[in-house]
Amino acid sequence: MKYNLFFVFYLFVIFTVSSQSVSDTYRTAINDGDMSNNGIWLPGKSINSHIEGSTYLFSNWVGSYKVISKNGITASLFNLNYNLNSKKLEAFVSKDSVFQYDLGQFDYVILQDKKFKVLNEDLLDGLFYEVFNGNRIKLFKEATVFVEYGVLNPLTQTKMQEDKYVKMYSYYFFVNGKYEKAKLNKNSVLKYTNDKSALVKEFASKNKLKYDLDDDVSKILKYYDSLD
């Protein structure tokens with residue numbers, strides 16, 4: 001009995017120290033980066049809802065993110081996610097508090113090898129995945145979310161399927177100083193590389209690259225950007 005009580009107490013202490021460490025690490029990170037003054041603290045909120053799926057861009061809140069501000073300050077921030085509905089960058093600190101950043105202060109949010117660019121130009125506003133960034137051409141990918149409502153059984157008036165969040169993706173090429181929305185396919189890639197389309201097609205075919213995959217298109221555009 002004494003052993004069991006000691007074990008429960010030990011787990012409680014470990015959990016408390018671990019939670020405090022996460023919170024302290026987060027606060028240290030935003031203070032060192034000098035980015036904690038550009039945002040607001042919000043009451044804690046439940047990430048789960050009765051709708052399946054998520055309104056957030058990233059699959060989870062756990063991890064280290066590198067952020068670059070508009071004035072060039074670089075910092076490491078923890079437990080971030082991007083709300084596709086509100087277009088806000090949020091940090092889930094604990095069940096009691098959420099920090100919501102002013103997205104306008106950032107230039108980039110970087111997760112491992114993926115860079116997300118903050119755009120606020122023309123009709124583009126929010127956080128966009130940077131598929132390719134070259135001298136002659138750039139390509140960005142935008143994620144949006146909508147609710148797909150479950151089907152009701154007409155007899156029982158009960159749902160046969162639950163409501164769920166569904167993500168959609170749009171692509172924007174930046175060429176000649178302007179953004180143009182386009183589908184990611186062979187026609188659009190060749191359209192924006194039309195001055196070297198023969199070479200581009202040969203390169204894509206030789207390397208077995210597909211025109212509808214982000215990574216493959218990035219390689220194609222990198223090759224195109226290298227041509228004289």
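Which residue stands opposite Lys66 in β7? In this predicted model, that place is taken by Ile110. The two residues belong to a pairing in which β2 (residues 64–69) and β7 run antiparallel, held together over 4 bridges.

Stepping back, β2 and β7 sit inside an open sheet of 8 strands, laid out in the order β3-β2-β7-β8-β9-β10-β11-β12 with antiparallel pairing. At the edges are β3 (74–78) and β12 (178–182), each of which pairs on one side only. Direction aside, neighbouring strands of this sheet are turned against each other by 35° on average. As a reminder, strands of a sheet pair through backbone hydrogen bonds, either parallel or antiparallel.

Moving along from β7, the next partner is β8. Strand β7 (residues 106–111) meets β8 (residues 114–121) in the antiparallel sense, again over 4 bridges. Here Tyr108 has Lys117 of β8 as its bridge partner. The hairpin of these two strands leaves 2 residues between them, and Gln112 takes a positive phi near 55° there.

Then comes β9 (residues 124–133), which runs antiparallel to β8 and is joined to that strand by 6 bridges. Val118 faces Leu127 of β9 across this pairing, the two standing opposite each other. The hairpin of β8 and β9 also has 2 residues between the strands, and in this one Asp122 takes the positive phi, near 50°.

How values were computed
Residues are numbered from 1 along each chain as its sequence is written. This is a predicted model: local features need pLDDT of at least 70, side-chain atom pairs count only at pLDDT 80 or more; totals for chains, interfaces and linings use all residues. Side-chain values use heavy atoms; hydrogens and water are left out. Two strands pair if DSSP finds at least two bridges between them. Axes are lines fitted to C-alpha atoms, for helices over the stretch in contact, and angles run from 0 to 180 degrees between N-to-C directions.
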